[in-house]
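The report below takes charged pairs, aromatic rings and nonpolar cores in turn.

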Amino acid sequence: MNVMEKKTIEQQIAEALLADRRASTFDSDARYARSKGITPVDYSNIKQGKYQVNAQLISRQKWAMIARSIEFNPTEGLRLTTAPTRVYQYITGQLEVCRRMSIAVMMVDEPGIGKTHVCREYARNHAGQVFYINCSDSPGKTRFVEALARVLGLERERTIEDTFHTCVQYLTTFVQNPLLILDEAGDLEQPAILMVKRLYNTTENHLGIYMAGSDGLRTRLNSGLRLGKNGYTELMSRMGARFSRCSPPKSEGAQRMRDFVREEGRAVCLANGITDERAISEIINQAPDLRKVVREIKKLHYATQTPAIGRQTNTQVYENPKPY
């Protein structure tokens, strides 16, 4: 990569970062910067364009970290449109209820149906009020609390306990109707699960919590209940004592699930400009999940050199979507 290409990518990342900041509701640039894992000085240098005068101000590693934190995509033309699938509408509805009513919900469903995409999209659209943590990256107690502080835009304090209590104080004092999304929650280790319980206890009626995962989350919690592990019964009670689900239950058979995936895949195709029935059938009939659908759509866009539409939602939506 030559200097000109590197500078162009830096400018693209900087523009994306500043756009993300404008869309957020953080009360200061400093808090926003910390939520992205960079210092306020780094953000100021980017905002004022100083990095273009002195390339040494922001290292390539830091640019990569910034790009990751804002989900920067150098091939933006191939970012697909979010389709109004049943999963999208169902999870978005749950997130709205959790945020507005400050309640806790657990979502356990099949992998590859779009749970993570919907959660990230919702968090992006409510930045500063909705906070997203991928628990696969922060499975232990210490890393979980550090991740919580980071997404809130807070600095790590002298101890994890001090950091935790500052996070609680910030959520209950400075954010109206905050929501914490814990994606891939099945990867949380027991000490981190106990921290989630403590977080609920100390923010009850102030913070909504949405735990999402696949069968691993159900297995971990049911195992903890069966073995009588500390905190699991209390956590299940606080999370509504049930696992919500949008896709057809396994008792309805594999064919019912395949039909569901095809229906969801068709909605993704239509939202991204693929209307030819033969092309749609070829995509959805070979796709075991929506990840495969997305890959096939991108391959088709590459082949036809037709860029995907932006991120606007398709106007054709299902009426009164209901979970199965």
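## Salt bridges

Arg-99 and Glu-96 meet through their side chains in a salt bridge, at 3.1 Å from N to O (a salt bridge is a side-chain nitrogen of Lys or Arg within 4 Å of a carboxyl oxygen of Asp or Glu). The model is a predicted one, in which local features need pLDDT of at least 70 and side-chain atom pairs count only at pLDDT 80 or more, while totals for chains, interfaces and linings use all residues. Residues are numbered from 1 along each chain as its sequence is written, and side-chain values use heavy atoms, with hydrogens and water left out. Arg-99 and Glu-96 are 3 residues apart in helix H5 (residues 86-101), so they are separated by about one helical turn; helices here are DSSP runs of H or I with at least four residues, numbered from the N terminus. An α-helix has 3.6 residues a turn, so residues three or four places apart point the same way. Arg-99 is buried, with a relative accessible area of 9%, where buried means under 20% relative accessible area, exposed over 50%, and partly exposed in between, for a 1.4 Å probe and protein chains only.

The structure holds 27 salt bridges. One of them joins Asp-27 to Arg-31, with the closest N and O atoms 3.1 Å apart; Asp-27 counts as exposed at 54% relative accessibility, whereas Arg-31 is buried at 16% relative accessible area. In the salt bridge of Asp-162 with Arg-158, the closest N and O atoms are 3.8 Å apart, and here Asp-162 is partly exposed at a relative accessible area of 29%, while Arg-158 is exposed at 71%. Salt bridges also link Asp-109, Glu-110, Asp-215, Arg-218, Arg-245 and Lys-250 into a network. Arg-218, a member of that network, lies over the face of Phe-243 as well, at 5.2 Å from the ring centre (a charge sits over a ring if NZ of Lys or CZ of Arg is within 6 Å of the ring centre and within 35 degrees of the ring normal).

## Aromatic pairs

The count of aromatic pairs comes to 5, the rule being that rings of Phe, Tyr and Trp (its six-membered ring) pair if their centres lie within 6.5 Å, with planes under 30 degrees apart counted as stacked, over 60 as edge-to-face and the rest as tilted. Tyr-32 and Tyr-43 form an edge-to-face pair, 5.7 Å centre to centre and with 70° between the planes. Because Tyr-32 lies in helix H2 (residues 29-35) and Tyr-43 in helix H3 (residues 40-47), this pair ties together parts that are 11 residues apart in sequence. Both Tyr-32 and Tyr-43 are buried.

Tyr-51 and Trp-63 also form an edge-to-face pair, at 5.1 Å centre to centre and 70° between the planes. This pair links distant parts of the chain, 12 residues apart, with Tyr-51 in the loop between H3 and helix H4 (60-69) and Trp-63 in helix H4. Tyr-51 is buried, with a relative accessible area of 6%, and Trp-63 is buried at 4%. Ring pairs also link Phe-26, Tyr-32, Tyr-43 and Phe-131 into a cluster.

## The buried side of H3

Within H3, the buried residues include Asp-42, Tyr-43, Asn-45 and Ile-46. These residues cover an arc of only 160° around the axis, which puts them on the same side of H3; the arc is that of the directions from the helix axis to the C-beta atoms. After H3 comes Gly-49, whose phi is positive, near 75°.

## Nonpolar cores

The largest nonpolar core has 58 residues, and those with the most contacts inside it are Phe-144, Leu-152, Leu-182, Leu-188, Met-211 and Leu-221. A nonpolar core is a set of buried Ala, Val, Leu, Ile, Met, Phe, Trp, Tyr and Cys residues joined through side-chain atoms within 4.5 Å. Helix H7 (residues 141-152) supplies the largest share of this core, 7 residues. A second, separate core of 23 residues includes Val-87, Ile-113, Tyr-122 and Ala-212.

Leu-221 is found in helix H10 (residues 215-226) and counts as buried at 1% relative accessibility. Leaving aside neighbours within four places in sequence, Leu-221 is in contact (heavy atoms within 4.5 Å) with Met-106, Ile-193, Tyr-232, Leu-235, Met-236 and Phe-243.

Terms used
Helices (H or I, at least four residues) and strands (E, at least two) are DSSP runs, numbered from the N terminus.
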